[in-house]
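Here's a quick briefing to read alongside the model. Have the viewer open and click along as you go.

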Amino acid sequence: MSYRFSVNGAPTELDVPGMRRLLDALREDLALTGTKEGCGEGECGACSVLIDGKVVDSCLVPVCQVEGANVQTVEGLAPQGRLDHLQQAFLEHGGAQCGICTPGMLMAGRAFIDAGGAPVEDDIREAIAGNLCRCTGYTKIIDAIAAAARAGETADQVD
Ligand code: FES
Ligand code: FES
């Protein structure tokens, strides 16, 4: 069966089994390998993407559920290869180490900022509560998201 949805603003049609995981469709069918697999069980958030602006674990979402939806992946943050302000903040604050959690953290952070989230530590901790990081101790990730939120930016690109 064929499913139509948008990925990072581009109309997309996939002829796949409806129960195929969105994570696999993104990585294997669409070659969008920025989205990572960690646990594969909805526990770690490494596979986080946005569906209609909401953070979801793409390892738990079947393709049939995104029919007609707008899916955003980490590739969509830098469409021309230029980092957005949140990605730049991760770079400047050391928010990424091994990088496995980073795409998911960026998507959770992006959803938080796009929803008007304030640079408040407790709020940011809550926003990334579904995303695990084994490397950073979270402080630098929170600093990065706070810096981007403080800048009051949206999805503008860094010049
Ligand atoms: S890989 Fe999806 S939540 Fe861990
Ligand atoms: S940077 Fe390694 S898991 Fe977060």
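What follows covers the charged pairs first, then the nonpolar cores.

This is a predicted model, so to speak of local features we need pLDDT of at least 70, side-chain atom pairs count only at pLDDT 80 or more, and totals for chains, interfaces and linings use all residues. Residues are numbered from 1 along each chain as its sequence is written, chains are lettered from A and ligands numbered from 1 in the order in which they are written, and side-chain values use heavy atoms, with hydrogens and water left out.

**Salt bridges**

- Side chains of opposite charge can pair when their charged atoms come close.
- The whole structure holds 8 salt bridges (a side-chain nitrogen of Lys or Arg within 4 Å of a carboxyl oxygen of Asp or Glu).
- Asp 84 pairs with Arg 110, with the closest N and O atoms 2.7 Å apart. That joins distant parts of the chain: Asp 84 sits in the loop between β5 (70-72) and α2 (85-93), and Arg 110 in helix α3 (residues 102-114), 26 residues apart. Helices (H or I, at least four residues) and strands (E, at least two) are DSSP runs, numbered from the N terminus.
- Asp 84 is buried at 1% relative accessibility, and Arg 110 is buried too, with a relative accessible area of 1%. Buried means under 20% relative accessible area, exposed over 50%, and partly exposed in between (1.4 Å probe, protein chains only).
- Arg 21 bridges to Glu 37, the closest N and O atoms being 3.0 Å apart. Here Arg 21 is in the loop between β2 (10-15) and α1 (22-29), while Glu 37 is in the loop between α1 and β3 (48-51), 16 residues apart. Arg 21 is partly exposed at 23%, and so is Glu 37 at 39%.
- Arg 125 and Glu 121 meet in a salt bridge at 2.9 Å, N to O. Both lie in helix α4 (residues 121-127), 4 residues apart, about one turn of the helix.
- Arg 20, Glu 28 and Asp 29 are tied together in a network of salt bridges.

**Nonpolar cores**

- A nonpolar core is a set of buried Ala, Val, Leu, Ile, Met, Phe, Trp, Tyr and Cys residues joined through side-chain atoms within 4.5 Å.
- The largest one has 25 residues, and those touching the most other members include Leu 86, Phe 90 and Ile 128. Elements giving two or more residues to this core are α2, α3 and α5 (139-150), and α5 supplies the largest share, 8 residues.
- Beyond its neighbours within four places in sequence, Ile 128 is in contact (heavy atoms within 4.5 Å) with residues including Met 105, Tyr 138 and Ile 145.
- A second, separate core of 17 residues includes Leu 14, Ala 25, Leu 26 and Val 66.
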